[in-house]
Amino acid sequence: MADQTPTNPWKRLLALPNESRGKTLFVAFATALVCTLLVSGATVLLRPIQTANRAAETQLRLEALLSAIPGMTALLSSSESAQLSTVVIDLPEGRAAQEITPETLETALLDTGNWTALSPEQDLAGIGTRPDYAQVYLLRDGAAVKLMVLPIAGAGYNGPIEAMIAINGDMETIAGLTVTGQSETPGLGARIEEAAWQQGFAGTRFRDDRGEMRFAVARGPATTDYEVDGITGATRTSTAVTRMVRFWLGPEGYGPLIDAVKRGEF
Amino acid sequence: MPPRPALLRTLKGPLVEGNPVTVQILGICSALAVTTSLDTAVTMAVSLTVVLVLSAAVVSLIRRHIPNAIRLIVQIVIVASMVIVIDQILQAWFFEISLRLSVFVGLITTNCIVLGRTESFARQNPPLPAMVDALGNGLGYSAVLIVIGAIRELFGAGTLFGLTVLPLAEEGGWFTPLNLMRLAPSAFFLLGGLVWALRSALPDQAEPPETLPPDVPEGR
């Protein structure tokens, strides 16, 4: 390669000794440039498919959650007036957000001003900061809210747990729960994904008549109306679910919204 | 270019005799993490093989122009880019499996096998032998992953590729799954057993002991 004297500047560059400063910088920049193009190209080209995948997954879990709730499929198919609607909620106010729609929610949540930092005492779920807006699903029959599906999240044993919890129209009992994302120990904590365990949530009360939060994942089988069965060998994951549900259904989470619905103001 | 038998030897060498996992004990981190079921093991094996072959090809193509001072960085950047592209493809077209592989696809970047092959083989050889060597190593890694994944899924859940093979006791069959098989330690045990079995069958693979047992006279 170095035998003839190259005239083309590209060839002259390639013919430089590998250890020269110019060649080193050139190879570094060229590699970085090509790799950048490759990675950005793949990300940009494939993003629409990935977003669609994620949305489909969430939709699937939501449908599975609804169909697992006794009587819900019948209500959805029989009643003309029963409709599942998507609403963005202003969490601290406990009412529908004024300016943010499901389409603009993602953009709004990029703004750190729309997040509230939690003090350690408030932060039961271990999430650090909480968004001020959240997208929930409401099932109404006429004007009455029959069911509310709320996305919740918290810190699990190995990583974040994301779930959706459905609350019955009485705003006191849980109708169901589905886990949409988790990285707990396979075979132990990861059993929170199993339908058999999630069925235990149906009909569980989360607060008592005085309005006090009582929900818990039991250690072992559930003994009261406020408990669901614990998972053997997954105490940390069970505790994480308890704290997560308590946080999100409590005053720092959807509490204001639940109260508003209960008063019939929503 | 070496003649064909040499290429074949390059391909077959790393399958059993010089298997990167059982002989060199490389890349075992991911081999332990993704083998809870067969389909994740196969996806991981295919991903690693593709990344390995592509990286070896690219590194081998530009091997005369990689300055020695920055060669590791150049190689890692190439490998990392390949991994990100593969990860994006998995998330787009194999979404279910990518959910279960989670972070481990990204960790192919730091898999010792990939950097090991680009550094020790692809950097000194033309593209074709480099790719054949990469393919051989990828298949060697795949073989171990598939064996361990099959054993763990079969005894941990009674299924293979999600299809019931051993009917579970809780569903009316006779098989009680071994929960241990779904946890990381079982992969260590299986890998250890596999290495032991291979080295007993092929004594060439056994390393000489680093320390010799003290000479104890008989008949104490």
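A: In chain A, 55% of the contacts with a separation of 6 or more are between residues 24 or more positions apart. The model is a predicted one. Chain A is built from seven helices and ten strands, and 27% of its 266 residues are buried.

Chain B has eight helices and two strands. Read from the N terminus, its elements follow the order α-α-α-α-α-α-α-β-β-α. Of its 220 residues, 40% count as buried. Residues 24 or more positions apart supply 73% of the chain B contacts that have a separation of 6 or more.

Now the contact itself. On the chain A side, 21 residues are in contact with 22 residues of chain B. Helix α2 of chain A, residues 21–68, gives the largest share of that side, 15 residues. Sorted by class, the side of chain A that touches chain B holds eleven nonpolar, eight polar and two charged residues.

One helix pair across the contact can be followed in detail. The axes of α2(A) and α4(B) come within 9 Å and cross at roughly 5 degrees. Angles under 35 degrees count as roughly parallel, so α2(A) is roughly parallel to α4(B). From α2(A), the residues in this contact are V27(A), T31(A), A32(A), C35(A), L38(A), V39(A), A42(A), T43(A), L46(A), I49(A) and Q50(A). They meet V74(B), V77(B), I78(B), S81(B), I84(B), V85(B), Q88(B), I89(B), Q91(B) and A92(B) of α4(B). The residues of this contact divide into 15 nonpolar, six polar and no charged.

Helix α4 of chain B, residues 71–93, also packs within its own chain, against helix α3, residues 38–61. Their axes come within 9 Å, with a crossing of roughly 140 degrees. α3(B) and α4(B) are therefore oblique to each other, and their crossing is right-handed. S47(B), V50(B), V51(B), L54(B), S55(B), V58(B) and V59(B) come from α3(B). Their partners in α4(B) are Q75(B), I78(B), V79(B), M82(B), V83(B), I86(B) and L90(B).

L7(B), T10(B), L11(B) and K12(B) of α1(B) make the contact with P129(B), V132(B), D133(B), L135(B) and G136(B) of α7(B). The residues here are five nonpolar, two polar and two charged. Helix α7 of chain B covers residues 127–157, 31 residues in number, which should span 45 Å at 1.5 Å a residue; its end C-alpha atoms are 42 Å apart, which agrees. Just after α7(B), G158(B) has a positive phi of about 70 degrees.

Other backbone points concern residues that are not glycine. Most residues other than glycine have a negative phi. I25(B), however, has a positive phi of about 50 degrees. I25(B) sits in the loop between α1 (4–12) and α2 (28–33) of chain B. With 13 other C-beta atoms within 10 Å, I25(B) is partly exposed. In chain A, M171(A) has a positive phi, near 60 degrees. M171(A) belongs to the loop between β7 (160–168) and β8 (174–181) of chain A. M171(A) counts as buried because it has 20 C-beta neighbours inside 10 Å, and 20 or more is the cut-off for that class.

A260(A) lies in helix α7 of chain A, residues 255–262. A260(A) has 18 C-beta neighbours inside 10 Å and so counts as partly exposed. A260(A) and R95(A) are 165 residues apart in sequence, yet their C-alpha atoms are 7.4 Å apart. Leaving aside residues up to four places away in sequence, A260(A) touches G94(A), R95(A), E265(A) and F266(A).

Definitions and conventions. Residues numbered from 1 in each chain as written. Chains lettered and ligands numbered in written order. Predicted model: local features only at pLDDT ≥ 70, side-chain atom pairs only at ≥ 80, totals over all residues. Contact = placed C-beta atoms within 7 Å. Helix = DSSP H or I, 4+ residues; strand = E, 2+ residues; numbered from the N terminus. Nonpolar A, V, L, I, M, F, W, Y, C, P; charged D, E, K, R; others polar. Axes fitted to C-alpha atoms, helices over the stretch in contact; angles between N-to-C directions. Parallel < 35°, antiparallel > 145°, perpendicular 65-115°, else oblique. Left-handed = near helix turned anticlockwise from the far one by under 90°. Buried ≥ 20, exposed ≤ 12 C-beta atoms within 10 Å, placed from the backbone. Expected span 1.5 Å × (residues − 1).
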